[in-house]
Amino acid sequence: MDFDLTPEQRELRDRAARFVDEELIPLEVDAERAGGRLPDEAARRIAARARELKLVAGNHAVEHGGQGWSALEQVLVHEELGRNTNGVWWVMGGGYNVLSRGTPEQIERYLLPTLRGERADSYAVTEAGAGSDAGGIAATAERTAGGWRIRGEKWFVTSGDVCDYDIVMVNVVDGDRRLPTLFLVDRDRPGIDVVDDPPFTHTFPHGHPTVRYDCEVPEDAVLGGPDMVGRGDELQNEWFVEERIHIAARCVGAMRRLLDEAVGWATERRQFGQRIYDLQGVSFPLADSAADCAAARLLTYQVAHMVDAGADPKLVHGRAAMAKLFASEAAYRCADRAVQVFGGRGYMRTTAAERFLRELRVDRIWEGTSEIQRLIIARGLERRGVERMLSPIREG
C-alpha cells in the first residue's frame, strides 16, 4: 500500500488544519464556559467559512452539493477536526450519508438544502430498551389512509434540539412481521415532542434530547421509497461503517493534539531542578501514547484505503470496527495520561486535556460500543478467517 498523499490531498489536509487552528480552537474555552453553546453569530460564521473552504459534506457527491471525497480524504479532514474540543466543528453542517439513498424527490427536498446549510437533520435510532441491540426497537409505523402513523420514543437524538427533520428508525407493522425501515420525518408535524433534554458529560453546541413521536407522515416518507421498506438495517449499516471510520480518525487527531500539548508542557515545566519530561514517570506514558496514536492512525488509513479500493464490504465492516475500537480506547488512555502530566492544571476545564478526557469517553459508546465492535470482530474471525480479517492487503 502507498500511504503517500497526492498534492491535492495534502492541500485538503492543510486547509482543514488551518480552519481548525484559526476558526475552531480559539472558541473552545468560551464554549466550555458557556456550557457548549455558541453565539448564533459565531455559529453562522463557522458554517459560512467551512462552506467557503469547501470542507462541508465531503461524504456526498458533487452533483448533490458535496465534495465527493474518497474515504481517505474524509479521514484526513476528520483527523484534523478531531483536534478540536467542545464539538465546535459540529456547527459546520453537513448531512448523513443515508440521505443520498433517497428518492430524487427526497434528495431535492432534504439532502440538497441540508448541504446548502438551509436545513438540518438528526438521526433517531436508540430507545430506552434498544441501544446496541437494534433488534429491540419498539417504535412502529402503521399504514393509514393517507400514509403512515409513527409511534415511539427515541433517546440520544444527536442535534435533535436544533434540527428541522429526523431520520427515524422504526419497524413497519406488516401483519405479524416487523420490518426495520428508515423514515424522513419533518419536525413541524403535530405529535412530535421533545420530552427531555438531559445534560451530558461533554459540553457541545448541540444536545441529545429524547423525542416522542405519535404523528402522521405521508406515504412517500420512507427513505429510499417503497422498495426500502424492511431494508433499514442495510442503510443503517452503511452509516455505521462510515461513522466508525470517522470516529477513529477524530480520535487520532485528538491524540495528536494531546501529545503536542503534553510534550510541550512537560519539556518546559521544571520541578526538583529538572524538566518533568526527564522523569520516566512522565515521558514513558507519553511514549506509550505516541505508539497508540501511530498504530491507530495506520489502522484508520488502511481501512480507508480498503474502502477506496473496493474491498469486500464485510471485511471493511470488520476493519472499521477494529479501527473504531482501538482508536477510541487508545485516545481515552492518551487523555488520561495527558491529564496526569499536567497535574492540577489537567483538572481545569480550561485545559484541553481535561476536556478531551470527558469528550473522548463517548467515542467508546456511540455508533456501537466497544463491546459491539469486539463482537463484530470476533464474528468476522470465525466466519471469514483470521488471515483475511488481519491481512493488510486487499483480497481480490
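**Notes on the helix packing and the core**

1. Let's start with α8 and α9: the axes of α8 (residues 313–342) and α9 (residues 352–359) come within 9 Å of each other, crossing at roughly 150°. Bear in mind that this is a predicted model. Angles over 145 degrees count as roughly antiparallel, and the two helices α8 and α9 are therefore roughly antiparallel to each other. Their crossing is left-handed.

2. Who makes that contact? On the α8 side you'll find Tyr-332, Ala-335, Asp-336, Ala-338, Val-339 and Phe-342, and from α9 come Ala-353, Glu-354, Phe-356 and Leu-357. By type, the residues of this α8–α9 contact split into eight nonpolar and two charged, with no polar ones.

3. Next, have a look at α4 (residues 71–81). Here 11 of the 11 residues are buried, so α4 is largely enclosed by the rest of the structure.

4. Now the largest nonpolar core, which has 121 residues. The members touching the most others are Ile-46, Met-92, Ile-150, Ile-167, Phe-183, Val-185 and Tyr-213.

5. Leaving out residues up to four places away in sequence, Tyr-213 touches Ala-124, Ile-150, Arg-151, Gly-152, Lys-154, Asp-166, Val-168, Val-185, Gly-191 and Ile-192. Two of these partners, Ile-150 and Val-185, are also on the list of core members that touch the most others.

Key:
Residues numbered from 1 in each chain as written. Predicted model: local features only at pLDDT ≥ 70, side-chain atom pairs only at ≥ 80, totals over all residues. Heavy atoms only, no water. Core = buried A, V, L, I, M, F, W, Y, C linked by side-chain atoms within 4.5 Å. Buried < 20%, exposed > 50% of the residue type's maximum accessible area, 1.4 Å probe, protein only. Contact = heavy atoms within 4.5 Å. Axes fitted to C-alpha atoms, helices over the stretch in contact; angles between N-to-C directions. Helix = DSSP H or I, 4+ residues; strand = E, 2+ residues; numbered from the N terminus. Parallel < 35°, antiparallel > 145°, perpendicular 65-115°, else oblique. Left-handed = near helix turned anticlockwise from the far one by under 90°. Nonpolar A, V, L, I, M, F, W, Y, C, P; charged D, E, K, R; others polar.
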